[in-house]
Amino acid sequence: MYEDEGDDEEDLPLETRRLKLETRRMQSDRRIVNLALIGFMGTGKTSVGRLVAESLHFDYLDTDEMIQSGTGRTISDIFKTDGEPAFRALEEKVVMELAGRTKTVIATGGGLPTNPNNFNSLKAHALVVCLWASPEKIWERVKNQSHRPLLHDADPQAKIREMLAAREPFYKQADVLLNTELRSVREVAQQIVHQFRLATSSR
Ligand code: S3P
């Protein structure tokens with residue numbers, strides 16, 4: 001899965017060599033025993049995640065559900081009463097708790113991987129799969145739902161475009177990026193199971 005670019009290392013600047021060594025060290029520290037689904041709201045993490053968990057005989061956990069059951073409050077209430085930074089702190093706490101899991105499919109909130117601590121923690125124990133869809137498709141899927149505070153905006157379609165563009169660099173750091181637009185939930189799930197088996201059998 002990790003291809004060496006084949007650079008002649010001795011010709012690289014010291015800082016680049018140091019970074020490459022650090023990246024290799026982090027990769028060799030990985031122990032893939034879980035599967036994490038990341039991606040924007042409305043890309044299907046919950047429905048796909050449940051199917052993948054069923055196929056792999058894994059547990060299924062959702063970071064938003066963990067926050068809700070841990071606090072006894074809804075995500076909307078946390079955003080409204082305490083603000084987004086408080087929600088992000090709860091998200092990070094939950095991600096740290098997940099580091100001890102095995103055989104678990106973890107569906108994450110759409111903004112969770114924009115925090116590098118969360119991303120690095122997930123990558124240490126999980127294959128990170130990102131579900132992707134265009135802003136138009138996302139809008140089509142979420143427009144009749146009201147439980148997402150970040151989409152309570154005068155122009156939710158513009159908000160989706162803006163947030164997706166800002167998050168794209170984070171999402172693209174996933175191990176696997178899957179476009180969900182032309183595939184059914186079942187097909188997406190099958191692809192992910194396949195990728196997970198490939199990633200874990202070559203180790
Ligand atoms: C958020 C996505 C939501 C939830 C919260 C914030 C985001 O999760 O965590 O409303 O920042 O994109 P889903 O992606 O499961 O809708």
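Visitor: What volume does the largest pocket have?

Guide: This is a predicted model, in which local features need pLDDT of at least 70 and side-chain atom pairs pLDDT 80 or more, while totals for chains, interfaces and linings use all residues. Residues are numbered from 1 along each chain as its sequence is written, and side-chain values use heavy atoms, without hydrogens and water. A pocket is an open set of points on a 1 Å grid over the protein atoms alone where a 1.4 Å probe fits, with protein on both sides within 12 Å along at least five of seven lines. Taking the volume as the space filled by probe spheres set on the points, the largest pocket has about 600 Å³.

Visitor: Which residues lining the largest pocket are closest to its centre?

Guide: Lining residues have an atom within 4 Å of a point. There are 31 of them, and the closest to the centre are Met 41, Asp 64, Gly 109, His 147 and Arg 148.

Visitor: At what distance from an oxygen atom of the ligand is the side chain of Arg 167?

Guide: A polar contact is a pair of N or O atoms within 3.5 Å. For an N or O atom in the side chain of Arg 167, the distance is 2.7 Å.

Visitor: How much of the ligand's exposed area does the protein bury?

Guide: Accessible areas come from the Shrake-Rupley method with a 1.4 Å probe. Taken alone, the ligand exposes 380 Å², and the buried share is 94%.

Key
Polar contact = N/O pair within 3.5 Å; in protein donor to acceptor, adjacent residues only side chain to side chain.
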